[in-house]
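I opened the model to look at helix packing, the domains and the ligand shells. My entries follow.

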Amino acid sequence: MRALTKPLTLNNQTWVSSSMSIFVKTSYCQQVSSTAMAAMCSSFFPQLPTRFNGRPIYSFPAKSHFSGSFKAFSSQASNASSQDKLPANVGFLGIGIMGSPMARNLIKSGCDVTVWNRTKSKCDPLISLGAKYKSSPEEVAASCDVTFAMLSDPESAVDVACGKHGAVSGMSSGKGYVDVSTVDGETSKYIGQQIKATGALFLEAPVSGSKKPAEDGQLIFLTAGDKSLYETVAPFLDIMGKSRFYLGDIGNGAAMKLVVNMIMGSMMASFSEGLLLSEKVGLDPSVLVEVISQGAISAPMYSMKGPSMIQSLYPTAFPLKHQQKDMRLALGLAESVSQSTPIAAAANELYKVAKSQGLSDQDFSAVIESLKGKLQQ
Ligand SMILES: NC(=O)C1=CN([C@@H]2O[C@H](COP(=O)(O)OP(=O)(O)OC[C@H]3O[C@@H](n4cnc5c(N)ncnc54)[C@H](OP(=O)(O)O)[C@@H]3O)[C@@H](O)[C@H]2O)C=CC1
Ligand SMILES: O=CC(=O)O
């Protein structure tokens, strides 16, 4: 189902809505029909029009505090009263490409946010917006009810949580730790054990969606762990994201994220081959991108990244080094259950070549450069 994506002025009022899929609480993968959604709109907001030009619309009054697209419902709908239980202070550790806009959206939504980053200067824009700063993860965790962490990889996630002056040292009963980094399940379980040994609660919550969805508050949270913490932080997840899945035991969120990113990494490698092949046989790769966009294999990623890839430009949204890390972790996951993944394994080799070409900090679409090298040989 697609809803309105641009603000609409009706009856001298502005309405906004997202283009997200709508889910219900009873079955988190079941989409609500257009008619049901229209009925929900009119029941929750009876003053709102539910049809425009004869078509159903799903509109809510614009939230003045929210900077990105408006989210209507999540995969596990939070009830309005959960706002009453909002923890007072939120910590955020790891102010990188993703952490920065996620923390910014919390601040702009009126949350009391305390930040820390290894490179302190990256906290400065958030401090200007009203965030507090503490000089270690331990101090952030000690001063906040809930602490989010968005770190590079398993090593940094463990270091920030469990290292010297790590978050664990500041945790205690009544607090919660939410790790939104992309790590493997074993790492997540280890961090979870350390956090829970203090009496605090733990949730793994890696995100699907890149820099722009993070800026727009349109991330997809893949959560697992303490259900009560999931419910407590749901309002925060809804500020930063457009949907959230609760997947049960710790490790399931990490596994879901790795499977998704394994597919994404393979898709990007295959797309790179197609772009180069089309050019080599005399086709215009821009036309290939257009053809793909109209067919069954259309994906937003191709239309977003294709034009810049054709110009050999790779402005970083998702660093290539992180995509290669995710391929590596996904291959480890597959090996742990003896699942054959030859396509992902081949794609991983391309990301490794691209890293050796010095492209680690470029966008992961720079993987195409690894194939240019091969073709020239
Ligand atoms: N970018 C994207 O599109 C997406 C990324 N992700 C995942 O989110 C996570 C963060 O990604 P992203 O924000 O892009 O990455 P960045 O590289 O921009 O940020 C990484 C963060 O981790 C910190 N960090 C790295 N190593 C250490 C360490 N040893 N000790 C303390 N802090 C450390 C960095 O601190 P410093 O600033 O000091 O270097 C920085 O805050 C990764 O797990 C990634 O896979 C998930 C979805 C999308
Ligand atoms: O992890 C990357 C993403 O785009 O999702």
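**Entry 1: helix packing**

I began with helix α9 (residues 252-280) and its packing on α12. Their axes lie 8 Å apart, at an angle of about 115 degrees. This is a predicted model, and I read it as such. I checked the handedness next: α9 passes α12 in a left-handed crossing. Then I listed who touches whom. From α9 I noted Ala255, Leu258, Val259, Asn261, Met262 and Gly265. From α12 I noted Gln323, Asp326, Met327, Leu329, Ala330 and Leu333. I sorted the residues of this contact by class and got 8 nonpolar, 3 polar and 1 charged.

I moved on to the other partner, helix α13 (residues 342-356). Its axis and that of helix α12 (residues 320-336) come within 9 Å and cross at roughly 145 degrees. The crossing of α12 past α13 is left-handed. On the α12 side I wrote down Leu320, Lys321, Gln323, Gln324, Met327, Arg328, Ala330 and Leu331. They meet Ala344, Ala345, Ala347, Asn348, Tyr351, Lys352, Ala354 and Lys355 in α13. By class, the contact of α12 with α13 has 9 nonpolar, 3 polar and 4 charged residues.

**Entry 2: domains**

I looked up how the protein chain is divided. I found domain 1 (85-249) and domain 2 (256-371). Their centres, taken over C-alpha atoms, are separated by 28 Å. Domain 1 gives 11 residues to the contact and domain 2 gives 13 residues. The side of domain 1 that touches domain 2 has 3 nonpolar, 4 polar and 4 charged residues.

I then turned to the UniProt record. An unreviewed entry there lists "domain: 6-phosphogluconate dehydrogenase NADP-binding" at residues 89-248. I computed the make-up of residues 89-248 as 39% helix and 24% strand, with the end C-alpha atoms 26 Å apart. The record, again an unreviewed entry, also gives "domain: 3-hydroxyisobutyrate dehydrogenase-like NAD-binding" at residues 251-369. Over residues 251-369 I got 71% helix and 0% strand, and the end C-alpha atoms are 34 Å apart.

**Entry 3: ligand shells**

Which residues come nearest to ligand 1? I noted Gly96, Arg118, Thr119, Ser210 and Phe318, out of 26 residues around this ligand. I asked which element gives the largest share of the shell. That is helix α5 (residues 154-162), with 3 residues. By class, the shell around ligand 1 holds 10 nonpolar, 11 polar and 5 charged residues.

Why does ligand 1 lie between the domains? Domain 1 (85-249) and domain 2 (256-371) both give residues to its shell, so ligand 1 lies between them.

I finished with ligand 2. Around it I found Ser208, Gly209, Ser210, Asn261 and Phe318. This shell has 1 nonpolar, 4 polar and no charged residues. I went back to my earlier lists for these names. Ser210 and Phe318 are also among the residues that come nearest to ligand 1. Asn261 is also one of the α9 residues in the contact with α12.

Key
Residues numbered from 1 in each chain as written. Chains lettered and ligands numbered in written order. Predicted model: local features only at pLDDT ≥ 70, side-chain atom pairs only at ≥ 80, totals over all residues. UniProt positions renumbered as here; feature names shortened; annotations may be inferred. Helix = DSSP H or I, 4+ residues; strand = E, 2+ residues; numbered from the N terminus. Axes fitted to C-alpha atoms, helices over the stretch in contact; angles between N-to-C directions. Left-handed = near helix turned anticlockwise from the far one by under 90°. Contact = placed C-beta atoms within 7 Å. Nonpolar A, V, L, I, M, F, W, Y, C, P; charged D, E, K, R; others polar. Near = placed C-beta within 6 Å. Domains from an automatic or database assignment.
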